[in-house]
Amino acid sequence: MPKSNYTTDDITRIAQEENVRFLRLMFTDIMGTIKNVEVPVSQLAKVLDNKMMFDGSSIEGFVRIEESDMYLYPDLSTWMIFPWESDHGKVARLICDIYNPDGTPFAGDPRGNLKRQLHKMEALGFTSFNLGPEPEFFLFKLDEDGNITTDLNDAGGYFDFAPTDLGENCRRDIVLELESLGFEVEASHHEVAPGQHEIDFKYANVVEACDNIQTFKLVVKTIARKHGLHATFMPKPLFGINGSGMHCNMSMFKGSENAFYDPKGEMQLSETAYHFLGGLMKHARAYTAVCNPLVNSYKRLVPGYEAPVYVAWSGRNRSPLIRVPESRGLSTRLELRSVDPSANPYMAMAVLLAAGLDGINNKLTPPPAVDRNIYIMNEEERKEAQIQDLPSTLHNAIKELRTDVVMKEALGDHIFSNFQEAKRLEWASFRQTVSEWEREQYLELY
């Protein structure tokens with residue numbers, strides 16, 4: 001979605017011309033949930049002057065009640081008018097960064113923290129870090145009362161079309177809505193599992209791309225509801241079928257040149273690309289906690305359902321964690337395949353960028369590429385090929401995160417401590433829950 005260089009005068013004029021009545025001041029909390037403060041358009045001047053205050057103590061992982069006053073600083077380039085909310089006049093949005101009362105960036109703001117990592121990248125001479133995400137989602141039917149069911153809306157498979165793909169009309173409406181908002185949609189199709197879909201949009205610089213992911217989720221859920229469906233980005237909503245991922249295609253630039261491309265390098269990859277790859281490999285087990293942040297995430301990261309399970313890389317092989325797509329030149333990129341769409345995109349990209357920069361700073365070398373199907377390799381073969389397993393549970397992933405200094409610094413003390421504590425409580429709650437599977441297995445037998 002192309003950025004627009006709006007000024008405060010531009011936004012004031014457009015709001016009047018388009019009869020905007022309400023403003024949504026949006027931000028993302030540490031858990032990746034989109035939050036917003038809605039104000040009438042009469043407050044627009046105050047908003048544009050960075051004077052809009054909110055209670056940060058009400059947001060999970062932000063601040064304590066005795067230090068609750070926070071300020072919303074809108075990013076003017078994110079101005080957007082929603083076309084579907086016009087019953088009482090139009091509604092516009094601005095994505096905001098969070099600031100302390102003294103005018104300093106709030107350390108617990110995931111978007112602001114990502115910008116902190118970008119400053120470190122720029123200090124090394126790089127000008128941009130680009131992300132092309134591939135988010136997947138499921139569509140479930142709503143019952144007559146509007147409650148979510150576990151009934152999928154179709155029985156389609158990969159690249160199927162109507163009448164097998166009953167989500168086709170919903171998906172088309174989502175695409176049209178995204179395009180009306182300025183997204184450049186590159187492809188949309190039914191995914192492997194019944195009821196599962198993917199819509200890919202053009203890459204952008206990483207902050208804008210993360211903004212786009214959050215906007216995308218909002219649009220998908222809104223349009224699905226109009227079709228009597230519930231869209232979910234839960235990684236593994238049903239047993240026995242593929243889960244939803246969000247492959248992340250990453251590249252770094254120096255000016256107009258792709259820093260990952262070298263026509264004379266092995267596989268036409270530059271030393272920078274190999275060092276970045278080395279960093280991604282080194283820190284993979286630790287950043288998994290951030291890129292796969294739910295108990296449910298680890299029901300997807302199992303053999304047999306196309307999601308990566310092992311820390312390895314390859315040019316063409318799709319079983320490793322990291323793949324190098326064949327495009328070269330400006331399109332040279334690394335594709336990380338483990339991330340799922342429940343991840344907070346700002347936090348995920350902060351740790352991935354930090355991992356890559358650690359590789360560049362320390363000239364890390366990745367192990368040899370693995371061009372075999374890892375799923376059919378035995379443990380000895382994997383060990384010989386220097387292939388580690390990804391963490392198998394959220395509990396194990398958090399333990400890895402706690403021991404990785406680079407990843408902890410990438411999040412900062414505030415985000416790290418609040419995130420790991422929330423995930424500790426989530427795991428404790430899961431451990432104490434007795435599942436239907438356990439009753440089926442053990443109740444009669446024991």
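Before anything else, one definition: Ala, Val, Leu, Ile, Met, Phe, Trp, Tyr, Cys and Pro count as nonpolar, Asp, Glu, Lys and Arg as charged, and the others, Gly among them, as polar. Keep that in mind for the linings. And note that this is a predicted model.

How many cavities of 30 Å³ or more does a search of the whole structure find? The search finds 2.

Take the second largest cavity. About 50 Å³ of space lies in it. Its lining is made by Ile30, Met31, Val290, Pro293, Ser342, Asn344, Met347, Phe419 and Lys423. Now sort them by class. You get 6 nonpolar, 2 polar and 1 charged.

Next, the largest cavity. Its volume is about 60 Å³. The residues around it are Met26, Phe27, Thr28, Ile34, Ile95, Cys96, Asp109, Arg111, Gln214 and Tyr346. Two elements give two or more residues to this lining: β1, residues 20-28, and β6, residues 90-99. Which element gives the most? That is β1, with 3 residues. By class, this lining has 6 nonpolar, 2 polar and 2 charged residues.

Now the open spaces, the pockets. The largest pocket holds about 890 Å³ of space. Its lining has 44 residues. Which of them lie nearest the centre? They are Glu134, Glu198, His247, Asn249 and Glu335. The classes here are 15 nonpolar, 15 polar and 14 charged.

The second largest pocket has about 500 Å³ of space. It is lined by 16 residues. Nearest its centre are Phe239, Asn296, Lys299, Phe430 and Trp437. Its lining splits into 9 nonpolar, 4 polar and 3 charged residues.

From spaces to packing. In soluble globular proteins, nonpolar side chains tend to be buried together. Here, the largest nonpolar core has 94 residues. Which ones touch the most other members? Phe129, Met252, Tyr287, Ile322 and Met349 do. Helix α9, residues 345-361, gives the most to this core, with 12 residues. Apart from this core lies another, of 22 residues, including Ala15, Phe54, Met70 and Leu94.

Look at Met252 up close. Set aside its neighbours within four places in sequence. Then its contacts include Met121, Phe126, Ser128 and Phe129. Also among them are Phe276, Leu357 and Ile360.

Last stop: Glu144. Where does it sit? Glu144 is in the loop between β7 and β8, and β8 covers 148-152. Is Glu144 buried or exposed? Its relative accessibility is 81%, so Glu144 counts as exposed. The cut-off for exposed is over 50%. One more thing about Glu144: Gly228 is 84 residues away in sequence. Yet in space, C-alpha to C-alpha, Glu144 and Gly228 are 8.9 Å apart.

That's my tour. Over to you.

Conventions: Residues numbered from 1 in each chain as written. Predicted model: local features only at pLDDT ≥ 70, side-chain atom pairs only at ≥ 80, totals over all residues. Heavy atoms only, no water. 1 Å grid on protein atoms, 1.4 Å probe; cavity = no way out; pocket = protein on both sides within 12 Å on 5 of 7 lines; lining within 4 Å. Points joined across faces, edges and corners; volume = space filled by probe spheres on them. Helix = DSSP H or I, 4+ residues; strand = E, 2+ residues; numbered from the N terminus. Buried < 20%, exposed > 50% of the residue type's maximum accessible area, 1.4 Å probe, protein only. Core = buried A, V, L, I, M, F, W, Y, C linked by side-chain atoms within 4.5 Å. Contact = heavy atoms within 4.5 Å.
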